[in-house]
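Hi there,

Here is the structure I promised to pass on to you. Have a look at it first, and then read on for what turned up when I went through it.

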Amino acid sequence: MKKSLVLALTILIATISYGQSTTDQVRLALNAGSAKELIKYFNEVTELKIDDSGANYSKIQAESVLREFFQQNQVENFEYIHKGSSPEGLKYNIGMYNAKSNTFRVVILLKEVKGQYVVDTMNFNRE
């Protein structure tokens, strides 16, 4: 049952994803609690921190860290509370990741690589 739900959500994300921005795709992946979908929008090496503990990870390493995080903190919902950009062209998003037992403030920094915005930094901080 759980695998069927995850598969259905993944298909839904893929179907909805056509033509949406990286910011929208990241929000959908976080709402689905899908590490596999989320890392599609990561830079080749991304800084990932959870409660100030983390490092720069490849996509494969980040997927493993995020999968464990999502298993321990099953998502109820994720919403952006602020979006902005810098004069240098970086975009940033701040959101709230509400899990069953915890709430995390999520700071996401995106930069343009080869004409597309990718997640360069993602920090989860427990509220």
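**Starting from Glu63**

Glu63 sits in helix 4, which covers residues 59–72. Please keep in mind that this is a predicted model. With a relative accessible area of 17%, Glu63 is under the 20% cut-off, so this residue counts as buried. Setting aside neighbours within four places in sequence, Glu63 contacts Ala35, Lys36 and Ile39.

As a general point, an α-helix has 3.6 residues a turn, so residues three or four places apart point the same way.

**The whole chain**

Stepping back, the protein chain has four helices and six strands, and along the sequence they come in the pattern α-α-α-β-β-α-β-β-β-β. Of its 127 residues, 36% count as buried. If you take the contacts between residues at least 6 apart in sequence, 43% of them join residues at least 24 apart.

One stretch to treat separately is residues 15–19, where pLDDT stays under 50 and the model has three contacts beyond four places in sequence.

The six strands make an open sheet in the order 2-1-6-5-4-3, with mixed pairing. Strand 2 (53–58) and strand 3 (75–85) are at the edges; each has a single partner strand, so one side of each has no neighbour in the sheet. From one strand to the next, the twist averages 20 degrees.

At one end of that order, strand 1 (residues 42–50) runs antiparallel to strand 2, and six bridges join the two. Ile50 has Ser53 in strand 2 as its bridge partner. The loop between strand 1 and strand 2 holds Asp51 and also Asp52. Asp51 has a phi near 50 degrees, which is positive in a residue other than glycine; Asp52 is not a glycine either, and its phi is positive at about 65 degrees. What about their accessibility? Asp51 is partly exposed, with a relative accessible area of 30%, while Asp52 counts as exposed at 65%.

At the other end, strand 3 and strand 4 are antiparallel and share nine bridges. Lys83 is opposite Asn93 in strand 4. The hairpin of these two strands has five residues between the strands, and Gly89 in that hairpin takes a positive phi near 95 degrees.

**Helices on the sheet**

Which strands does helix 4 lie across? They are strand 1, strand 2, strand 4, strand 5 and strand 6, and helix 4 runs at about 35 degrees to strand 1.

Helix 2 deserves a look as well, being mostly covered: eight of its 11 residues are buried. These are Thr22, Thr23, Gln25, Val26, Leu28, Ala29, Leu30 and Ala32. Asp24 is in helix 2 too, but at 23% relative accessibility Asp24 counts as partly exposed. Asp24 and Tyr80 are 56 residues apart in sequence, yet their C-alpha atoms are 9.8 Å apart in space. Just after helix 2, Gly33 has a positive phi of about 65 degrees.

**If you only open a few views**

Best wishes

Notes
Residues numbered from 1 in each chain as written. Predicted model: local features only at pLDDT ≥ 70, side-chain atom pairs only at ≥ 80, totals over all residues. Heavy atoms only, no water. Buried < 20%, exposed > 50% of the residue type's maximum accessible area, 1.4 Å probe, protein only. Contact = heavy atoms within 4.5 Å. Pairing = 2+ DSSP bridges. Axes fitted to C-alpha atoms, helices over the stretch in contact; angles between N-to-C directions. pLDDT = per-residue confidence, 0-100.
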